[in-house]
Amino acid sequence: MLEKRGFDLSMYKDQCIKRRIASRVRARGFQNAAPYLKLLATEESELDALLAAISIHVSQFFRNPEVFAQLEKRVLPEMIRAAMRRKDPQLKVWSVGCASGEEPYSLALLLHELKPRGLKVSIVGTDISLPILQQAREARFAEMRLNQVPRRVREEYFVQEGQHYRLMEKIRGMVDFYPSNILDEESFPAADLILCRNVLIYLSRDDQDRILKRFAELLPDWGRLVLGSAENLLGAARGLFVTELPAERIYQLRRAVAPGLIN
Ligand SMILES: C[S@@+](CC[C@H](N)C(=O)[O-])C[C@H]1O[C@@H](n2cnc3c(N)ncnc32)[C@H](O)[C@@H]1O
């Protein structure tokens, strides 16, 4: 996997990986791993299927709607005010492990409506999987992915195409997608708001620590980090961030808000 797809399995938590590999072994009709390994050596498409199974790409527009409600009402307006006080007002958003794009597009929908004139917004979605990024760029979604999209937003920004809903170009064009492995030290773009939801759960404690430390270095003082609903700050990261909204897993930099406090 490392050689052929640049995906280092040893970085992932053992139990997760084993479960998902076992599901592919069964899906191909094998009782054990030996014949499956032979198949993997000869069938490139199975390697992609395995990569997709390991890095599950489940997402939804406005997943955990309470998070997006807080972003819309409280966090983004405050960040926009901070950005607008700067000489060249910009707001850079990074969705890490963006899967088929629902998360960065949800942000684009919010920012399209909130953004004041004069603010430059850039939204980047990165993921390790090339096929899922291709889907993200296409921006065609099954109806179930839009369950949390308010009717007015659905009618205004999506066009129904058969069984699917296609996001309009004015929103699609706000997001750039590119492949990147979060475990790779080189691949961190500049960002004021980082959403890294439901990605860290797959990684070891050490890698989580290392990545959270990089996020803290990257963010400006007025920046924010958003984690997934099953993810928490652990270990050294608790010294770097303070919790702004606990239920929504929204964090600010400790150095910016409470330099003396321990979380
Ligand atoms: C469960 S999805 C999360 C999608 C979205 N963030 C959300 O919460 O709805 C996890 C995504 O992380 C991606 N991923 C897994 N390991 C990664 C890595 N090392 N670097 C970048 N993306 C990764 C997977 O390909 C998958 O699309």
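**View 1. Asn64, in the loop between α4 (44–54) and α5**. In this predicted model, where local features need pLDDT of at least 70, side-chain atom pairs count only at pLDDT 80 or more, and totals for chains, interfaces and linings use all residues, the phi of Asn64 is near 55°, a positive value in a residue other than glycine. Asn64 counts as partly exposed because its relative accessibility is 21%, the classes being buried under 20% relative accessible area, exposed over 50% and partly exposed in between, with a 1.4 Å probe and protein chains only. Residues are numbered from 1 along each chain as its sequence is written, and side-chain values use heavy atoms, with hydrogens and water left out.

**View 2. Helix α5 (residues 65–84) and its bend at Leu71**. Helices (H or I, at least four residues) and strands (E, at least two) are DSSP runs numbered from the N terminus. The 20 residues of α5 reach 26 Å from first C-alpha to last, close to the 28 Å expected at 1.5 Å a residue. At Leu71 the helix bends by about 50°, this being the angle between axes fitted to the seven residues ending there and the seven starting there.

**View 3. The buried residues of α5 and what covers them**. Leu71 is itself one of the buried residues of α5, which also include Val67, Phe68, Val75, Leu76 and Met79. Their cover includes the helix α6 (102–114) and the strands β1 (90–96), β7 (193–196) and β8 (224–227).

**View 4. Ala139, in the loop between α7 (130–138) and β3 (140–142)**. The phi of Ala139 is near 60°, a positive value in a residue other than glycine, and Ala139 counts as buried because its relative accessibility is 0%.

Definitions and conventions:
Expected span 1.5 Å × (residues − 1). Contact = heavy atoms within 4.5 Å.
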